[in-house]
Amino acid sequence: MQRYTIFLFYILALMSLSFGPCDESLPTYKEPEKIFDATMVSSYVVTKVLNGFFVQIHVRNIFDETIQSKAILRGTIQITSARDSSIHKTFKLSVANLIKAKDYNPISSILTIDPGDTIRVGVTWDFTDDKGSNLLTDFFRVWENPACRTQKIAYTEDVIISGEITVFEKTGIIRGVPILHSFCYIVGDPQECPPLPFPFTANCPFRYPH
């Protein structure tokens, strides 16, 4: 009986060493440092039916897991003249600015972004600034196209485009790296003039003299 008691005590001691103390704490969970990245994208498009300047923020899931939650899509896009920083246009972003998302439920506002997937949020600039000025008449300088008298082309303008957005409440603010966009606005009906090379922004003939 004594030998059996000693053997049982030995087994229990080994088990206690194997499992360790029951109050041992688990490693602290650490949130990933970066889940999304953001890229600013801009384009000035002139066709027979369109004359517009478009800016988007592309937000990509760079984490290795799917992210799903209620989307808030709150942020701003700002366009600032490189020639005169007092000229700027600020857009406030919301869910209404969502252009593309592979899996978004507008009823529940639940957005799902798989690893590597991108959502696009964007605005259209009407060439006004935050003070309400019409830059087409109050800021841009134009010259007459000798090949088509009804068409005028603005001197090249450089604008700095920046933006930030919060996709989900818990993932914080995502900022895109600012970009510089050079373009020259075209005034007049393009249908009345010979077609311009596309993209025309790469062939702006004159830069405004500083």
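Let's start with Arg60, which forms a salt bridge with Asp37, the closest N and O atoms being 3.0 Å apart. A salt bridge here is a side-chain nitrogen of Lys or Arg within 4 Å of a carboxyl oxygen of Asp or Glu. Arg60 sits in strand 2 (residues 51-61) and Asp37 in strand 1 (residues 36-46), so this pair ties together parts that are 23 residues apart in sequence. Strands are DSSP runs of E with at least two residues, numbered from the N terminus. With 36% relative accessibility, Arg60 counts as partly exposed. Buried means under 20% relative accessible area, exposed over 50%, and partly exposed in between, using a 1.4 Å probe and protein chains only.

A word on the model: it is predicted, and local features need pLDDT of at least 70, side-chain atom pairs count only at pLDDT 80 or more, while totals for chains, interfaces and linings use all residues. Residues are numbered from 1 along each chain as its sequence is written, and side-chain values use heavy atoms, with hydrogens and water left out.

The structure holds 6 salt bridges. Another one joins Glu169 to Arg74, with the closest N and O atoms 3.7 Å apart. Glu169 lies in the loop between strand 11 (157-168) and strand 12 (173-183) and Arg74 in strand 3, so the pair ties together parts that are 95 residues apart in sequence. Glu169 is exposed at 53% relative accessibility, and Arg74 is partly exposed, with a relative accessible area of 44%.

Arg83 pairs with Glu157 in a salt bridge whose closest N and O atoms are 2.7 Å apart. Since Arg83 belongs to the loop between strand 3 and strand 4 (88-93) and Glu157 to strand 11, this pair ties together parts that are 74 residues apart in sequence. Arg83 is partly exposed, its relative accessible area being 24%, whereas Glu157 is buried at 4% relative accessibility. Elsewhere, Lys102, Asp114 and Asp117 are linked in a network of salt bridges.

## Ser81 at the end of strand 3

Ser81 lies in strand 3 (residues 67-81) and is buried, with a relative accessible area of 7%. Its side chain reaches the backbone nitrogen of Arg83 at 3.1 Å, and the Ser81 side chain also reaches the backbone nitrogen of Asp84 at 3.1 Å. Through Arg83, this brings us back to the salt bridge with Glu157.

Leaving aside neighbours within four places in sequence, Ser81 is in contact (heavy atoms within 4.5 Å) with Ile87, Phe139, Asp158 and Val159. Ile87 and Val159 return in the next section, among the residues nearest the centre of the largest cavity.

## Two cavities

A cavity is found on a 1 Å grid over the protein atoms alone, as a set of points where a 1.4 Å probe fits but cannot get out; lining residues have an atom within 4 Å of a point. Grid points are joined across faces, edges and corners, and a volume is the space filled by probe spheres set on the points. By this rule there are 2 cavities of 30 Å³ or more.

The largest cavity holds about 70 Å³ of space. Its lining has 15 residues, of which Ser81, Ile87, Trp125, Leu135 and Val159 lie nearest the centre. Strand 3, strand 4 and strand 11 each supply at least two lining residues, and the largest share, 3 residues, comes from strand 11. The lining divides into 8 nonpolar, 3 polar and 4 charged residues. For these classes, Ala, Val, Leu, Ile, Met, Phe, Trp, Tyr, Cys and Pro count as nonpolar, Asp, Glu, Lys and Arg as charged, and the others, Gly among them, as polar.

The second largest cavity has a volume of about 30 Å³. Lining it are Lys102, Asp103, Thr112, Ile113, Asp114, Asp117, Thr118 and Ile119. Strand 7 (110-113) and strand 8 (118-125) are the elements that give two or more residues to this lining. By class, the lining of the second largest cavity has 2 nonpolar, 2 polar and 4 charged residues. Lys102, Asp114 and Asp117, found in this lining, are the residues of the salt-bridge network.

## His88 in strand 4

His88 is found in strand 4 and is partly exposed at 28% relative accessibility. The C-alpha atoms of His88 and Gln78, 10 residues apart along the chain, are separated by 6.9 Å. Beyond its neighbours within four places in sequence, His88 is in contact with Gln78, Ile79, Thr80, Asp129 and Asp130.

A polar contact of 2.8 Å joins the side chains of His88 and Asp130. The term covers a pair of N or O atoms within 3.5 Å; within protein, one must be able to donate a hydrogen and the other to accept it, and residues adjacent in sequence count only if both atoms are side-chain atoms.

How values were computed
Helices (H or I, at least four residues) and strands (E, at least two) are DSSP runs, numbered from the N terminus. On a 1 Å grid over the protein atoms alone, a cavity is a set of points where a 1.4 Å probe fits but cannot get out, and a pocket is an open set with protein on both sides within 12 Å along at least five of seven lines; lining residues have an atom within 4 Å of a point.
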